[in-house]
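Open your viewer and get your selection tool ready.

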Amino acid sequence: MKDSIKYILLFIILFSGLLKSQENNYVFKNYTEKDGIGSNFVFCIHKDKNNIIWIGTQNGICRFDGKNFYNFRHTREENSIPNNTVQSLCEDAKGNIWGGTNKGMFYYDVKANSFTRYNAPKGCYSNQITNIICDKSGNIYATTSVEMLTFNHASKQFELIDKIY
């Protein structure tokens, strides 16, 4: 019995180098601020239908086309994101990007290359958007820490659906 265990162990040791696991064909690259990303602190990543990578960071939103980073940050102009802390991203049915920040939401019109800012409706506990979701039917949903919101396309405003508390 002991001899058979020795032979099995010897067989495993000698021939383990011939055994192969699944091959990994993925190539990973680590990007940092030195490469052009706005911040090393990333909250969310979204790949759009055109294979553009959108990255929500602590210092704005980054658009990555596979070679270059394009950073968008909050400015005093109306045509910027409402806050640099971008916590959530989604893409609507038309290919436009929606985002949630610490001070409201934004809509990025890809064709016009412009941002539109939105606040949580009056009566909401917070304007800090923790999540934003775009569904296939064209609905846009967002959450604060305690409220659920939806975008009304007719009035072009977010409306309160429900309070979570």
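This is a predicted model: local features need pLDDT of at least 70, side-chain atom pairs count only at pLDDT 80 or more; totals for chains, interfaces and linings use all residues.

Residues are numbered from 1 along each chain as its sequence is written, and side-chain values use heavy atoms, with hydrogens and water left out.

**Stop 1: the rings**

Rings of Phe, Tyr and Trp (its six-membered ring) pair if their centres lie within 6.5 Å; planes under 30 degrees apart count as stacked, over 60 as edge-to-face and the rest as tilted. The count by this rule is 17 aromatic pairs. Select Tyr-26 and Phe-28, a tilted pair with 6.4 Å centre to centre and 50° between the planes.

Next, pick Tyr-118 and Phe-158, an edge-to-face pair at 5.7 Å centre to centre with 75° between the planes. This pair joins distant parts of the chain, 40 residues apart: Tyr-118 lies in strand E8 (residues 114-118) and Phe-158 in strand E12 (residues 157-163). Strands (E, at least two residues) are DSSP runs, numbered from the N terminus. Tyr-118 and Phe-158 are both buried.

Now show Trp-54, Phe-72, Phe-106, Tyr-108 and Phe-115 together; ring pairs link them into a cluster.

**Stop 2: a charge over a ring**

Move to Lys-29, whose charged end sits over the ring of Tyr-31, 5.0 Å from its centre. The rule asks for NZ of Lys or CZ of Arg within 6 Å of the ring centre and within 35 degrees of the ring normal.

**Stop 3: the pockets**

A pocket here is an open set of points on a 1 Å grid over the protein atoms alone where a 1.4 Å probe fits, with protein on both sides within 12 Å along at least five of seven lines; lining residues have an atom within 4 Å of a point.

Return to Tyr-118, which also lines the largest pocket, as do Asp-92, Trp-98 and His-153, among others. Finally, go back to Tyr-31, which lines the second largest pocket, with Ile-37, Phe-64 and Phe-69 also among the lining residues. Strand E1 (42-47) and strand E2 (53-57) each supply at least two residues of that lining.

Note on methods: Helices (H or I, at least four residues) and strands (E, at least two) are DSSP runs, numbered from the N terminus. Buried means under 20% relative accessible area, exposed over 50%, partly exposed in between (1.4 Å probe, protein chains only).
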